[in-house]
Amino acid sequence: MQVWKDIYNYRELLKTNIKKDIRGKYKGSFLGILWSFLNPLLQVVVYWIVFPFLMGRAGTVDNYLCYLVTGIIPWTFFTTVINQGTTSMIVNAGIIKKVYFPREIPLISQALSGLVNFFISCIIVVFFCVGTGAGISYHLILLPLIALIQMILSLGISFILSAIEVYVQDTEYIVNFILNMGFYATPILYNLDLLKGSGILYTLVSWNPVTLLVNAYRDIFMNHVWPNTMQLIIVIIISLVVLVIGYKVFKKLEKGFAEEL
C-alpha cells in the first residue's frame, strides 16, 4: 500500500514529530513529563474520594483504587489521541499549505507519541497494583498488544474526525461532548454489574469497544488472568475496520484540504 511507502519515505519526519509531541507537550513546564503521571493520578484521587459517596455501591468493587487507575489511565490515552487527532490538520495548517508531506503523518505521530506516554503512565498502574496488594504477574506481557489495538482504534477515529474538522470546525466541540458522555458509558468509575437488569443499556456498555479494552487491561493488571479471547478478537476486528474506513474517508476528504485550510 502507498501509505506504507509514504511512512517509510518520510520516517525521519515521523520520528521528529513524535519527539516534538513528547517533548513539546510539557515544554516550559516546571514538572515537565511528570505531568504524564500527575494528571491521571489527580483524577484517580478525586474519583476515589468523591464517587463512593455519590454512588455507594461503586465502593463494593474489590480494590476500588486499583480499579480506578486501570480504567482512567487507558481512557486518558484514548481521549488524548482523539482530541489531538481531531484538531491535527487545523493546528498544522501553516506547514501543510507550505510543504508537501503525507497528511497522515501528523496523525500517526500523535498516536505513537500518545502510545509512548501511555507506557510511561503505566508505571503508575504498576505502582498502584503493588501498593494496594493486587500485585503483578506475567500476564503483563500482553500489555503492548492491547495498547497497540487501542492505538489502532484511536487512530482510525482520528482519521475521520480530523478530516471532518477541516470542513466543520465545530467538530472538536461535538467530540469533547461525546467523549464526556463516553466516559460514563464505559465502566471506569463503576462496576458493570450495576447495570445488570437495565436491558439495552447493559448490552451497549458491555460491547463498547473501549469497555472491552478496559476489561483486558484490568485482567492483566488486577485479575492476573488472560483477557477474554473472543472479546479481544472482536475489538481487534472493530479496530482494524475503523482504521481502514477512517483512512479511506481521510484520503477522500484530503483533496479539499488546500482550499479549506
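**Salt bridges and a helix pair**

Glu 104, Lys 251 and Glu 254 are linked in a network of salt bridges, a salt bridge being a side-chain nitrogen of Lys or Arg within 4 Å of a carboxyl oxygen of Asp or Glu. Before going on, keep in mind that this is a predicted model, where local features need pLDDT of at least 70 and side-chain atom pairs count only at pLDDT 80 or more, while totals for chains, interfaces and linings use all residues. Residues are numbered from 1 along each chain as its sequence is written, and side-chain values use heavy atoms, with hydrogens and water left out.

Let's start with Lys 251, which pairs with Glu 104 with the closest N and O atoms 3.7 Å apart. Helices here are DSSP runs (H or I, at least four residues), numbered from the N terminus. Lys 251 also meets Glu 254 in a salt bridge, at 2.8 Å from N to O. Those two both lie in helix 12, 3 residues apart, or about one turn of the helix.

How do the network's members sit relative to the surface? Glu 104 is buried, with a relative accessible area of 1%, and Glu 254 is buried too, at 18%. Lys 251 counts as partly exposed at 28%. The cut-offs are under 20% relative accessible area for buried, over 50% for exposed and in between for partly exposed (1.4 Å probe, protein chains only).

The structure holds 3 salt bridges, and one of them joins Lys 196 and Asp 193, again at 3.7 Å from N to O. Lys 196 is exposed at 53%, whereas Asp 193 is partly exposed at 45%.

Now for some helix packing. Helix 4 (residues 64-86) and helix 11 (residues 209-223) pack at an angle of about 135°, their axes 9 Å apart. That makes helix 4 oblique to helix 11, oblique being whatever is left once angles under 35 degrees (roughly parallel), over 145 (roughly antiparallel) and 65 to 115 (roughly perpendicular) are taken out. Axes are lines fitted to C-alpha atoms, for helices over the stretch in contact, and angles run from 0 to 180 degrees between N-to-C directions.

Which residues meet across this pair? From helix 4 come Cys 66, Tyr 67, Thr 70, Gly 71, Pro 74, Trp 75 and Phe 78, and they meet Val 210, Val 214, Tyr 217, Arg 218, Phe 221 and Met 222 in helix 11, contact meaning heavy atoms within 4.5 Å.
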